[in-house]
Every structure is written in C-alpha cells, then in structure tokens.
Amino acid sequence: MATVTVRERRRTYHWPEAQLNFWLLIMIVASATTLGIFAYFITVQHQLKVGIPWIFPYEITVSALALLFLFAMLVLITQRLLLPGIVVLGSFILFVLWLTGLIETSILLYGPKESVSSYCNLIRVSTGESETTLAWLETNSICQAWKAAFAFEIVGTVFFFWMMVMAYQVNRDEYD
C-alpha cells in the first residue's frame, strides 16, 4: 500500500511590529475614551430626566465593538494567526461605523442650529463658592467631553483607515 504524505504550508504574514503596537495602543485608548464619554453623557441625561439622543447608545455600541475587534486581534497576534483579510474587513466595517458617529457628533457639536458649541460659548466663567460656579464647572466639563469625544472619533476614523492600508500592504508583502 502506498503512503501519501501531505504537507501543509501556511503562508506567513509579516506585520510591522512597531506600527501595529502603536496602532493598537491608540485605538484602545480612543475606543475606551469614547465609550466612557458617551456612557457619562447617558448618565447625565438620566439624571436630568431628559431623552437620550440615538448617537449616545450608538457610540457606546461602536466603541464596544471596536474594543472587541481589538481584543480579537490581540488573541490572533499572540497565536500568529492575524490575517490581513480579517483586518481589512473588520477595519472597513468599523471605519464606516466610526465615520457615521464622527459626522453626527460634528453636526451636534458644530451644527448650524442649537449646537453644543454654541451653548458652550454662551456660558460665562463663574468663580467663588456658589451654585453658579458649580453649574459652570459641570457645564464646562460636559463641553470639554464633547470636544474630547470629537477628537478621539477623528483619531479612530483615521486610524481604522490606516489599518486598512497597512493590512493591504502586509498582504502584498511590502513589509518584508
């Protein structure tokens, strides 16, 4: 009887370690910060007993999905199974989701009518020990949180696009 030997040959992909680690670190920070800011906004909305805009749970969901994707990437990296196709697909989906959130946040923050920024510009600095000062501090922190969320959404959107480009280059063996 003839013996047949089958050798399995897996293609290996060479990821640029420094870029990948930097990307992962920044995206974990951006996703976690965005998730925390919008969770805080929901808490404030509940405390004020007002409605919650759709963007708040949307951003929490998208940030949680991004963190889940990043965790899955870390698991695949440790097992040396990170495939460029998986990264391109996941990064594209998250890029579109983050871009949608970025557009809506920019409209709410800098929109033409009743924007958060226009409200923040109306508030005047108050000092001393009073309820007015406490109200100003809370309002100022909410305004700064909106600006931070907007900034981290820009970073996240750009970095997901960067990851699509990097994964494409890894697939073409441009990082040997």
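These legends go with a handful of close-up views of a predicted model.

Being a prediction, the model gets local features only at pLDDT of at least 70 and side-chain atom pairs only at pLDDT 80 or more, while totals for chains, interfaces and linings use all residues. Residues are numbered from 1 along each chain as its sequence is written, and side-chain values use heavy atoms, leaving out hydrogens and water.

**View 1. Helix H2 meets helix H5.** Here you're looking at H2 (residues 55-78) and H5 (residues 131-171), whose axes come within 13 Å and cross at roughly 40 degrees. Helices are DSSP runs (H or I, at least four residues), numbered from the N terminus. Each axis is a line fitted to C-alpha atoms over the stretch in contact, and angles run from 0 to 180 degrees between N-to-C directions. That angle makes H2 oblique to H5; under 35 degrees would count as roughly parallel, over 145 as roughly antiparallel, and 65 to 115 as roughly perpendicular, with the rest oblique. The crossing of H2 past H5 is left-handed, as the near helix is turned anticlockwise from the far one by less than a right angle.

**View 2. The side of H2 that touches H5.** From H2 come Phe56, Glu59, Ala66, Phe69 and Met73, and from H5 come Trp146, Glu153, Phe160 and Met163. Contact here means heavy atoms within 4.5 Å. Sort these contact residues and you get seven nonpolar, no polar and two charged. Ala, Val, Leu, Ile, Met, Phe, Trp, Tyr, Cys and Pro count as nonpolar, Asp, Glu, Lys and Arg as charged, and the others, Gly among them, as polar.

**View 3. The largest nonpolar core.** This core has 39 residues, and the ones touching the most other members are Trp15, Trp23, Met73, Trp98, Phe160 and Met163. A nonpolar core is a set of buried Ala, Val, Leu, Ile, Met, Phe, Trp, Tyr and Cys residues joined through side-chain atoms within 4.5 Å. Buried means under 20% relative accessible area, exposed over 50%, and partly exposed in between (1.4 Å probe, protein chains only). Zoom in on Trp15: beyond its neighbours within four places in sequence, its contacts include Leu82, Pro84, Met163 and Val170.

**View 4. Threonine 34 in helix H1.** Threonine 34 counts as buried because its relative accessibility is 0%. Leaving aside neighbours within four places in sequence, threonine 34 is in contact with Glu59, Ser63, Trp98, Phe152 and Glu153.

**View 5. Serine 117 in helix H4.** Serine 117 has 14% relative accessibility, so it counts as buried. Not counting residues up to four places away in sequence, serine 117 touches Leu109 and Tyr110.

**View 6. Lysine 49, in the loop between H1 and H2.** Lysine 49 isn't a glycine, yet it has a positive phi of about 55 degrees. With a relative accessible area of 75%, lysine 49 is exposed.

**View 7. Glutamate 114, in the loop between H3 and H4.** Glutamate 114 has a positive phi of about 50 degrees, although it is not a glycine. Its relative accessibility is 79%, so glutamate 114 counts as exposed.

Notes
Helix = DSSP H or I, 4+ residues; strand = E, 2+ residues; numbered from the N terminus.
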